[in-house]
Amino acid sequence: MKVQRESGFRYLDVLASLLVMTLFCSLLYVMIMSSVKQYGTMLQEDQTLQAMILYMEEGKADWMHHRSLGEENLPDVGDTSFHREIVEDGLYVLQVVAYRHGKEVHRFRTYLLDPNHL
């Protein structure tokens, strides 16, 4: 009788260990997939900010060379589209706006000097 109890306990130990390892592997998988998704989001944000800085610098260069921004087509970065304009409100302000799925996600603004006075 004593031998049968020990083999039963060994079976439950293996079963419990298998259950714990299965839960551990599942948790590890969820954490890795979450990290991969978060990395993708961070990469998209980085690309968006780099594109906004590029469009801001191009707009400032156009302004300094007395060129108009006009209605140019700014390329999209993934799901993000951009709009660039010069607003005259006593001062000249260049702004670049990023939209994702129709909602504004970022807005950069800078003041411009009048190129005629330089």
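**Salt bridges and a sheet**

Colleague: How many salt bridges does a search of the whole structure find?
Modeller: The search finds four. A salt bridge here is a side-chain nitrogen of Lys or Arg within 4 Å of a carboxyl oxygen of Asp or Glu.

Colleague: What should I know about the model itself?
Modeller: This is a predicted model: local features need pLDDT of at least 70, side-chain atom pairs count only at pLDDT 80 or more, and totals for chains, interfaces and linings use all residues. Residues are numbered from 1 along each chain as its sequence is written, and side-chain values use heavy atoms, with hydrogens and water left out.

Colleague: Why do such side chains pair at all?
Modeller: Side chains of opposite charge can pair when their charged atoms come close.

Colleague: OK, which side chain meets R100?
Modeller: E45 does, in a salt bridge of 2.7 Å, N to O. Helices (H or I, at least four residues) and strands (E, at least two) are DSSP runs, numbered from the N terminus.

Colleague: Is R100 buried or exposed?
Modeller: R100 is buried, at 15% relative accessible area. E45 is partly exposed, at 23%. Buried means under 20% relative accessible area, exposed over 50%, and partly exposed in between (1.4 Å probe, protein chains only).

Colleague: What does K60 form a salt bridge with?
Modeller: With E57; their closest N and O atoms are 3.1 Å apart. Both are in helix α1, three residues apart, so about one helical turn separates them. K60 is partly exposed at 27%, and E57 is partly exposed at 41%.

Colleague: And E104?
Modeller: E104 forms a salt bridge with R107, with the closest N and O atoms 2.8 Å apart. E104 counts as partly exposed at 42%. R107 is partly exposed too, at 38%.

Colleague: New topic. What is the order of the strands in the open sheet?
Modeller: The order is β1-β2-β3, three strands with antiparallel pairing. Two strands pair if DSSP finds at least two bridges between them.

Colleague: Which strands are at the edges?
Modeller: β1 (80-88) and β3 (103-112), each pairing on one side only.

Colleague: How many bridges join β2 to β3?
Modeller: Nine, and the two strands run antiparallel. Strand β2 covers residues 92-100.

Colleague: What stands opposite V93?
Modeller: Y111, in β3.
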